Amino acid sequence: MPHRQKRKWHITLALALLVLGILISAQIQTQNRLELDLSAQNSSDLTIMVNNLSEKRQSLSLEVSRLERTLNSYLDDYSDNSELFASVEVESERLSKIVGTTEVHGSGITVELSQDMYPLYKDVLDIVNELWAAGAEAVAINDYRINERSYIYFEDTSEGTFITVDNNRLSFPIVISAIGNSSTLERSLTMPGGIINNLNLFHMYPVLTQQEEIVLPPCEKESTFKYAQSVKSTN
Amino acid sequence: MWIIPVLGLICGALLGSIISLQIPITYAKYLSIAVLASMDSVLGGSRSAIEGRFSSLVLLSGLVCNALAAAVLAYLGDRLGVDLYTAAIIVFGIRIFTNLSAIRHLLMAKYIKSYPQPSETAKNNMVKDILR
């Protein structure tokens, strides 16, 4: 019995100490957490902490606004650049179409004048003018593209009279090609009292053909500006 | 002889750190009271073991009841606005020191031949002195 009693107190005490150990370690952990918890800090420490943190916050918000500004400027630059590039590209394409530095294609109309009609340069000029007036977007005569400085005239030689475009002699048949709305172009040429009607009086019957696809060559030389300078508007 | 209880304490500490009890911070106070109560119980048990009048029932019931009662009283005190927490700390603190000094005296009486053997009444008087 004493032996059993002896063993028993060991085990019971060990059990109690086990519980104590668990409680102590739980309490230590809790205390550690408590020390990290703000509500357990004393007020002067908390005041210092608040000051430090608010200073830090201020500097960080300054940093944030600075970085946001940088980001915005980058974004602006980026969009400016991409928009600029896009618009420059569109603009240069448009301008090259206008001045005729690139080959263009599209639907349109061709007007063919043969030699036996004896057309005058004035007739060619009238047709071209009429085509422009009817909304043609690009015009060429034979292989010569008409641009804003083109001139149509004539040249008398010993071999005969030639109609010239930009001082290039045109050989027959003279084919005037225009890109635009083909039916509009044809109607404007053939309207009563119009240019074709007028030519018919002189027994000239130009052949008008609506085309699905015409390819107009580029101009031989680009326009250069030596004297003309654009006036900068100051508004 | 004291190896098993010491092992128990170590095992408990390890177990506690392994399972890592997450007591809510608001209850940390009551846990600390429970720790004090169980410390008191364990020291009381050790003392009675040395004195040779150990009772498992008294130890275990005292452990559980004291810890629970202390925690509940402290909680109740908080609800009532009476600082029973402090009362529990003082009582357990006194008892812990009483038990410790009793254990010290007993051990000295046991191992130092010249130390006068304490009588039953002397021990009781000592406790009363401390409690007064």
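Which residues in α2(B) meet which residues in α3(B)? In this predicted model, local features need pLDDT of at least 70 and side-chain atom pairs count only at pLDDT 80 or more, while totals for chains, interfaces and linings use all residues. Residues are numbered from 1 along each chain as its sequence is written, with chains lettered from A and ligands numbered from 1 in the order in which they are written.

On the α2(B) side, the residues are Lys29(B), Tyr30(B), Ile33(B), Ala34(B), Leu36(B), Ala37(B), Ser38(B), Asp40(B), Ser41(B), Gly44(B) and Gly45(B). They meet Leu59(B), Gly62(B), Leu63(B), Asn66(B), Ala67(B), Ala70(B), Ala71(B), Ala74(B) and Tyr75(B) in α3(B); contact here takes C-beta atoms, placed from the backbone, within 7 Å. Helices α2 (residues 28-51) and α3 (residues 56-80) of chain B pack at about 155°, axes 8 Å apart. That makes the pair roughly antiparallel (an angle over 145 degrees between N-to-C directions).

Two of these residues turn up again in the largest nonpolar core. Of its 36 residues, Ala16(A), Leu20(A), Leu23(A), Ile33(B), Ala34(B) and Ala70(B) touch the most other members. Such a core joins buried Ala, Val, Leu, Ile, Met, Phe, Trp, Tyr and Cys residues through C-beta atoms within 7 Å, buried meaning 20 or more other C-beta atoms within 10 Å. Its largest share, 13 residues, comes from α1(A). Beyond its neighbours within four places in sequence, Leu23(A) is in contact with Leu31(B), Ala34(B), Val35(B) and Ser38(B).

Conventions. Axes fitted to C-alpha atoms, helices over the stretch in contact; angles between N-to-C directions. Helix = DSSP H or I, 4+ residues; strand = E, 2+ residues; numbered from the N terminus. Parallel < 35°, antiparallel > 145°, perpendicular 65-115°, else oblique. Contact = placed C-beta atoms within 7 Å. Buried ≥ 20, exposed ≤ 12 C-beta atoms within 10 Å, placed from the backbone.
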